[in-house]
Amino acid sequence: MLKRKLFSCLAYVVFAASLFATACSGRKTQQESVELKKIVIAEPLHSLGYLPLYIGQQEGFFAEEGLDVEVIQATGGSHVTSVMSGDAWGVIGGVDSNAIPNASGNCPDPVIAVCNCVNRANVYLCAAVGEEYTGNTDEELAQYFKGKKINSGRFGGSPNLCVRYLLLSIGLDPDKDVVMVEPADMSTSVAVVQSGQADISWAAEPQIVDGMKSGVWTDAFYQFTDLGDYAYSVLSVSQSTIRNDPETVQHFVNAMLKSLSAAQDKKTAVRAAGKEFPTTPAEDIEAAIDRAYKDGLWSVDGIITPEAVKNDMEVSIASDVYQGTYQYDELVDMQFVENAQKQN
């Protein structure tokens with residue numbers, strides 16, 4: 001009799017445990033069935049300037065919005081065309097980078113900016129050791145540049161446009177008075193100067209600190225961040241995506257606004273940058289973040305202002321890379337940022 005009771009109790013315990021395990025398994029299966037929507041963002045190079053985008057991945061802000069965001073590098077100007085071809089859902093880059101193909105007449109589905117990220121021209125000029133600039137006037141700067149080999153990145157890229165704009169503004173012809181070095185790979189700034197192919201190079205963090213610590217160049221002697229509000233790196237999608245899938249665009253922008261806010265916290269920014277650039281020493285990461293804060297690099301609210309677009313486009317027009325006129329409303333759609341702000 002006692003054996004039967006013990007057996008009965010044991011059977012009950014096993015049965016209850018089985019029910020509990022099944023229930024837990026059911027909940028787990030149910031959770032796993034909620035799949036994140038995969039989207040791809042194309043970047044022209046891996047840059048600390050894009051840190052808010054990486055923060056969104058690392059801190060789970062995109063996942064909170066039901067998105068699985070993958071960032072891929074598309075060099076040589078293919079970051080924008082990758083959206084046009086359907087290889088990427090969105091792109092990070094300048095408004096001017098969208099405007100040029102949009103205005104070509106061969107783009108039935110224009111690429112439209114929906115959220116800001118880098119609101120300053122994230123371009124600095126560094127000179128090789130022994131080639132330092134010591135002047136103070138435009139005339140001295142023009143004299144300094146004459147005959148120099150300048151790495152400005154690929155023709156038509158944002159750094160290239162900034163360099164051309166500067167040279168023209170001080171009375172120099174970029175194609176005659178200097179030697180323009182224009183590699184397609186935007187990540188080779190340090191190597192180009194180190195190898196002697198250029199005397200001066202455009203750079204951004206963490207390249208600036210890397211070049212300084214490597215003894216290739218001294219600190220930047222010229223910075224285009226001084227141009228003020230500048231739509232240098234915005235998040236953009238195709239017009240058809242805005243029309244056919246506004247819900248996903250809204251979720252993406254919601255996450256980006258959280259990321260931009262989180263980027264203002266130094267601990268978060270340093271931690272995220274350390275993960276994205278694991279070979280860069282911690283002190284270099286901190287120096288790069290400090291430069292970003294000092295120069296007001298990142299947008300705090302995601303808004304792309306008419307002034308930021310004007311400054312960006314004027315550089316392209318003055319450099320004769322973009323010809324014709326443009327309309328702010330044809331390049332920028334702020335409805336999703338505005339919606340996100342209303343929710344908060």
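Predicted model: local features only at pLDDT ≥ 70, side-chain atom pairs only at ≥ 80, totals over all residues.
The chain contains 16 helices and ten strands. Of its 344 residues, 50% are buried. Contacts between residues at least 6 apart in sequence were also examined, and 78% of these join residues at least 24 apart.

Helix H12, which spans residues 266–276, has buried residues at Thr 268, Ala 269, Ala 272 and Ala 273. Viewed down the axis of H12, these buried residues fall within an arc of 125°, and they therefore line one face of the helix. An α-helix has 3.6 residues a turn, so residues three or four places apart point the same way. Lys 267 and Lys 275 lie on the other side of H12, where they are exposed. The cover over the buried residues of H12 includes three further helices, namely H2 (51–58), H11 (246–262) and H13 (282–294).

Empty space in the model was considered next. Rolling a probe the size of a water molecule over the atoms shows where such space is left. The largest pocket holds about 490 Å³ of space. It is lined by 38 residues, and those closest to its centre are Leu 45, His 46, Ser 47, Met 186 and Gln 207. Helices H7 (158–169), H8 (189–194) and H9 (207–213) are the elements that each give two or more residues to the lining of this pocket. By class, the lining of the largest pocket consists of 16 nonpolar, 18 polar and four charged residues.

The volume of the largest cavity is about 60 Å³. Its lining is made up of Leu 48, Gly 49, Asn 122, Tyr 124, Glu 205, Ala 288, Arg 291, Ala 292 and Leu 297. Helix H13 gives the most to this lining, with three residues; H13 is also among the helices that cover the buried residues of H12. Five of the residues lining the largest cavity are nonpolar, two are polar and two are charged.

Key
Residues numbered from 1 in each chain as written. Heavy atoms only, no water. Helix = DSSP H or I, 4+ residues; strand = E, 2+ residues; numbered from the N terminus. Buried < 20%, exposed > 50% of the residue type's maximum accessible area, 1.4 Å probe, protein only. Contact = heavy atoms within 4.5 Å. Arc of directions from axis to C-beta. 1 Å grid on protein atoms, 1.4 Å probe; cavity = no way out; pocket = protein on both sides within 12 Å on 5 of 7 lines; lining within 4 Å. Points joined across faces, edges and corners; volume = space filled by probe spheres on them. Nonpolar A, V, L, I, M, F, W, Y, C, P; charged D, E, K, R; others polar.
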